[in-house]
Amino acid sequence: MTTSDSHSKQSLGFRPVFRNGPLAIFASVKLTIFLLALCATTILVGAWCPQEATVGQEKVIEQFGEEMAVNLHNWGITDIFHTPFFLILIAFLSMNMVVGSLDKVFPKLRLLKLPLQFFGPDQIAKMPFNTTFTVGASPAETLEKLQIKLQQRGFKTVVHGNQLAAEYGKIGRYAPTITHIGLLSLLLGVTITSWTGFSGFKPVRLGDDLSFKDSEHSKQWIGKLPTWKVHVDATRREDYESGEAKQWYSDLSVIDDKGKVLDKQQISVNTPLEYKGVDVYQSSWGLDQLIVSFNGHDKTLDLRQMGKVYAAFLPLDSETVLIMSLRNQTAPLRLFAKRPEWDAPKMISEIPQGKAVNLGAVEIKYVRPVPVTGLQYKSDPGLPITYIAFGFIMLGVLLAAIPFRHVWVSVSKDGAESGSAVSIGGRSKKAKVGFERLITKIVESMKHELPPPVVTTAIDPESEPSINPTASRSNESNV
Amino acid sequence: MSDFQLALTNTAGVSSVMSFWVFVASNGFKKYHDKMMTAASIVMGIGFVALTLAIIARGVEAQRFPLANLYESLLWFAWATMGGYLALATAYGIRQLGWLAAMLAATMFLYGSWLPANQQTISPLVPALVSYWRQIHVPPLIVSYAMFFLSGLSSLLELFHSRRKVSLGLSVGTIVLAFTAIGLGTFTSVDTKWLQLLFVGGSLLGTIGAYYTLKIKSGEPNQKQAELYDDVSYRAIAIGFPLLTIGIITGGLWANHAWGTYWSWDPKESMALVTWLSYAAYIHLRIHHEASAEKLSVVSVAGLLLTLLTYLGFNSLGFGGLHSYGKFK
């Protein structure tokens with residue numbers, strides 16, 4: 001066997017599928033590198049510039065100013081992941097992956113079925129790592145001892161006459177195939193979701209319903225939206241002692257179009273409602289409105305989040321503003337007044353829920369706050385395939401860490417003596433230094449455990465172990 | 001933070017600084033070189049054990065998995081850097097990587113110690129982080145980042161031993177510039193647009209410069225050492241890449257579990273994908289023999305810069321997104 005990988009693969013029956021023809025260009029590894037680099041650069045730009053589809057146009061204007069934001073928008077950078085350029089790039093990368101898998105990755109599986117080959121001293125001497133040594137034991141005994149030592153280190157060995165072939169980490173050779181199957185499955189899962197799935201977000205006030213009629217989905221969509229709705233029965237926020245939010249909860253009922261309750265579930269962040277392929281997530285929470293009554297007349301005021309509190313503002317005259325502040329759902333309502341000549345608002349009163357206070361001729365009663373729960377929902381029919389794809393990819397990259405190693409040994413009778421001359425060599429695609437140390441260790445232990453060669457003539461310099469550098473750069477590594 | 005935990009963390013920080021100086025000083029004492037190298041590794045080992053105990057103590061004190069903000073992630077990063085170096089040093093018998101690893105760990109300790117006190121004190125979790133997914137998703141990512149850093153540092157040594165000193169100088173300068181941008185972004189109020197330009201522009205120019213100056217050799221290469229550090233660099237990536245993949249995928253699973261979408265082009269997850277793609281390109285270049293060891297070293301340094309941008313850059317250089325737990329401004 002030569003040290004050339006490509007030559008050895010062809011001699012063993014590996015031949016790229018798309019050597020010629022229109023698809024050959026997509027099988028190029030150089031194209032893979034180019035597309036990966038271009039894809040990485042595009043995503044980097046997309047990560048740098050806020051994306052309108054995710055955070056809205058206001059964020060782009062806030063970050064870059066109006067003029068620059070308009071330019072970025074016109075260039076497609078503010079929604080780069082939906083531009084024809086990016087979609088074509090992904091299509092090219094997918095094509096490259098499919099063709100590359102069929103051309104180079106999957107056909108290599110055939111190589112794994114081939115039996116191990118055996119080599120003589122001359123061929124072993126050309127291997128990336130090789131050495132020779134002599135011992136005073138017979139070739140059969142020497143080979144048996146070497147076989148045991150390699151097996152103890154996890155090598156699978158085959159002996160043919162006075163030659164031995166061993167391999168380690170063959171399972172690692174499946175890594176590219178499994179990873180590429182995972183990536184192709186991921187493409188399939190994402191495509192199924194894109195054609196049939198839907199998603200959306202809606203802030204829903206306590207007592208209101210969530211319907212799916214305003215869902216977002218792709219243009220090529222062939223799915224169906226559910227007719228059932230989700231009713232918010234209750235929603236609350238749980239705090240730490242310090243007053244910071246610990247968790248948000250919502251009690252939800254699934255109801256059909258006639259109002260019949262089909263299911264009831266409590267959700268929180270990280271614990272969604274799951275019903276007939278649709279998941280509803282607790283994604284945000286707040287106090288949206290405040291109901292107060294003035295002399296018995298209920299009025300609903302909008303609340304604004306101001307740091308840790310929610311506040312409603314009610315102008316009393318041209319200079320005085322009544323501020324109603326709430327810390328949480330159960331805390332009392334605090335009333336403040338603010339005039340321009342005051343440095344800070346002055347607190348007037350504190351009203352527990354359901355109670356009233358009199359301010360001059362006006363009775364103000366704190367009726368209740370109206371909480372709003374932010375519900376994210378989605379239907380993702382391709383998810384099982386996507387999850388299987390994730391499993392394949394993780395397995396593939398884990399297997400890729402296993403070094404694939406080959407060792408070949410040829411033992412011959414050492415001249416007219418009873419000893420043996422051993423040629424041992426091999427290669428490892430990863431962890432070459434560790435591989436070379438392993439072989440050196442085996443050689444040293446062989447010399448230590450077997451009797452030394454009987455020397456009847458002058459010392460032959462070749463009887464000492466030697467590391468033979470060849471053209472390959474790994475020959476010169478640290479041993 | 002308890003005094004016990006503080007003492008352990010300080011021990012680890014001081015160990016990393018001491019270890020760095022002993023590694024550096026060993027080069028000036030040829031007679032005691034090997035002994036000093038061993039002593040430096042032992043000091044780092046002591047720091048590693050102290051930091052392991054400090055992280056455990058923090059978890060016990062906080063009654064949660066101790067990886068929820070920037071400060072805690074820096075402790076984990078330093079821990080993975082020290083542990084990663086000790087493992088590589090044991091496997092390969094290398095020592096020169098030690099002073100770079102010790103310097104990196106010390107830098108992270110210093111960075112962490114300069115963060116505001118509210119980062120260092122144990123604080124309650126925001127609702128989104130109250131999940132078992134946090135301990136599945138975050139540790140593989142932090143450990144992968146540390147492995148990529150060790151790979152990049154090993155590549156610097158490969159460039160040194162292959163006598164590509166101009167390329168090495170440009171690579172080191174680019175890394176220093178990138179860290180400067182991160183430091184300014186974290187601790188000053190310099191306009192983040194300039195810092196983004198400094199980081200990204202500097203990295204781009206520096207990496208291209210390092211690549212095109214590979215032709216310039218300044219002496220006879222120490223081939224044996226160059227190949228050793230090339231192998232170490234690849235090994236670190238071979239460990240880091242699966243961990244990054246697992247981190248990204250488990251992040252997707254968590255996001256799907258919590259928000260209903262496993263991918264939302266959030267800046268941080270996009271950047272993690274960029275890092276993944278760059279190392280995927282490295283692996284393709286490597287296994288298809290498309291590039292020399294020196295070119296691969298420059299790719300690995302570029303990977304280090306992308307990892308730095310993913311890990312610290314997005315929080316300190318003013319990028320938004322859902323992964324803002326590391327922010328403190």
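This is a predicted model: local features need pLDDT of at least 70, side-chain atom pairs count only at pLDDT 80 or more; totals for chains, interfaces and linings use all residues.
Residues are numbered from 1 along each chain as its sequence is written, chains are lettered from A and ligands numbered from 1 in the order in which they are written, and side-chain values use heavy atoms, with hydrogens and water left out.

In chain A the secondary structure comes to 12 helices and 21 strands, where helices (H or I, at least four residues) and strands (E, at least two) are DSSP runs numbered from the N terminus. If we take the contacts in chain A, that is, heavy atoms within 4.5 Å, between residues at least 6 apart in sequence, then 61% of them join residues at least 24 apart.

Let me turn to the strands of chain A, remembering that two strands are said to pair if DSSP finds at least two bridges between them. Strand β2, residues 156–160 of chain A, runs antiparallel to strand β3, residues 163–168 of chain A, and 5 bridges join them. T157(A) has A166(A) in β3(A) as its bridge partner. The two strands β2(A) and β3(A) form a hairpin with 2 residues between them, and in the turn G161(A) has a positive phi of about 65°.

Further along chain A there is an open sheet of 4 strands, in the order β5-β6-β7-β8, with antiparallel pairing. Its edge strands, each pairing on one side only, are β5 (209–210) and β8 (261–268) of chain A. Within this sheet, strand β6 (residues 229–239) and strand β7 (residues 245–255) of chain A pair in the antiparallel sense over 10 bridges, and K229(A) stands opposite I255(A) in β7(A).

Salt bridges come next, by which I mean a side-chain nitrogen of Lys or Arg within 4 Å of a carboxyl oxygen of Asp or Glu. Over all chains, a search of the whole structure finds 18 of them. One of these joins the side chains of E449(A) and K145(A), at 3.2 Å from N to O. Since E449(A) lies in helix α12 (residues 432–449) of chain A and K145(A) in helix α9 (residues 139–152) of chain A, the pair ties together parts that are 304 residues apart in sequence. Both residues are partly exposed, E449(A) with a relative accessible area of 40% and K145(A) at 28%. K149(A) also belongs here, in that K145(A), K149(A) and E449(A) are linked in a network of salt bridges.

E238(A), which is partly exposed at 27% relative accessible area, forms a salt bridge with R236(A), the closest N and O atoms being 3.9 Å apart. The side chain of E238(A) also meets that of K246(A) in a salt bridge, at 3.9 Å from N to O. As for these two partners, R236(A) counts as partly exposed at 37% relative accessibility, and K246(A) counts as partly exposed at 33%.

That leaves the interface between the two chains, where 57 residues of chain B are in contact with 59 residues of chain A. The area buried between chain B and chain A, that is, the accessible area (1.4 Å probe) that two parts lose on being put together, summed over both, is about 5,000 Å², and carbon and sulfur atoms give 64% of it. P127(B), Y262(B) and W265(B) supply 13% of the area that chain B buries against chain A, more than any other three residues.

Which elements give two or more residues to the side of chain B that touches chain A? They are α3 (70–92), α8 (192–212), α9 (223–259), α10 (267–287) and α11 (293–316) of chain B. Of the elements on this side, α9(B) gives the most, with 20 residues. Across the interface of chain B and chain A, the rule finds 0 salt bridges.

Terms used:
Buried means under 20% relative accessible area, exposed over 50%, partly exposed in between (1.4 Å probe, protein chains only).
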